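Please open the model in a viewer and keep the selection tool at hand.

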Amino acid sequence: YESSSTSPPAAFVTAMKAAENFLDAAISTSIHVTIHVGFGEVNGQALGSGALGESETSGALFNYTQVRTALLSAASSPDDFVSTSVLPISDPTSGGQFFVSSALEKALGLGGGATIDGYIGLSSTEPFTFDPNNRSVAGKYDAVGVAEHEMTEVLGRISGLSASPSNQYA
C-alpha cells in the first residue's frame, strides 16, 4: 500500500484482498505481480475529480513477431489453441509496436517485467461499500469491483489501437 495514501478505512484492505483473491483464483498462470495500492491517490498523485479508481500500468513495446511467438508458446488450453491458430504469420500492422503490460510480459515469457507492475488507487471521497459479502449497497459503489477493474488493467486489460504515437497498439 502506498505510504503517501490517505489513511484508508480498515475495511479497505479487506476489499483489496477480496479482489486479489478473486483474480488469483480466476487466473491459472503462475506469476508474481506487484501492484501498489493507494487510497485517494495513484502512484503518489491525486485521482482525477469524480474518478472512482485509476491505474497506471508498467510495460514495454514488442513487435508483432515477438508477441505472436510468445502467444503461440504460451498456448495451453483448447481456447488458447483456437485463438492463436488465426494469428497471421506475417505482420498485419506493417511494423507496428505492441505495448505489453509487465504482468503479461512475465506470463508470456517476454522478459522479466518491471519490479512494480503497476499502481491502482480508489477514491477517498466517493461512497464505497468495502464488504466483500455485501457488495450491493444503495448509494454506494462496490470497492471490490472497482479494485478488480483497476487490477485487471495493470494485468494487461487495456486497449490503445493506433494510439499516439501512431502504429503502436495495446
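Two strands are said to pair if DSSP finds at least two bridges between them. The model shown here is predicted.

Begin by selecting residues 59-63, which form strand β5, together with β6 at residues 97-101. These two strands run antiparallel and are joined by 5 bridges. Within this pairing, highlight Phe62, whose bridge partner in β6 is Phe98.

Gln97 can be found opposite Gln168 of β10.

Next, which residues lie nearest the centre of the second largest pocket? Select Val67, Leu71, Phe98, Phe99 and Val100. The lining comprises 15 residues, and the volume is about 270 Å³. At least two lining residues come from each of α2, β6 and α4. By class, the lining contains 12 nonpolar, 2 polar and 1 charged residues.

Finally, move to the largest pocket, which has a volume of about 1000 Å³. Select Ile27, Thr29, Ile31, Val33 and Leu155, which lie nearest its centre among the 33 lining residues. Then colour the elements that each give two or more residues to this lining: α1 (10-26), β1 (35-39), α2 (64-74), α3 (78-85), α4 (102-108) and α5 (143-155). Of these, α1 gives the most, with 6 residues. Colouring the lining by class will show 18 nonpolar, 10 polar and 5 charged residues.

Note on methods. Residues are numbered from 1 along each chain as its sequence is written. This is a predicted model: local features need pLDDT of at least 70, side-chain atom pairs count only at pLDDT 80 or more; totals for chains, interfaces and linings use all residues. Side-chain values use heavy atoms; hydrogens and water are left out. On a 1 Å grid over the protein atoms alone, a cavity is a set of points where a 1.4 Å probe fits but cannot get out, and a pocket is an open set with protein on both sides within 12 Å along at least five of seven lines; lining residues have an atom within 4 Å of a point. Grid points are joined across faces, edges and corners, and a volume is the space filled by probe spheres set on the points. Helices (H or I, at least four residues) and strands (E, at least two) are DSSP runs, numbered from the N terminus. Ala, Val, Leu, Ile, Met, Phe, Trp, Tyr, Cys and Pro count as nonpolar, Asp, Glu, Lys and Arg as charged, and the others, Gly among them, as polar.
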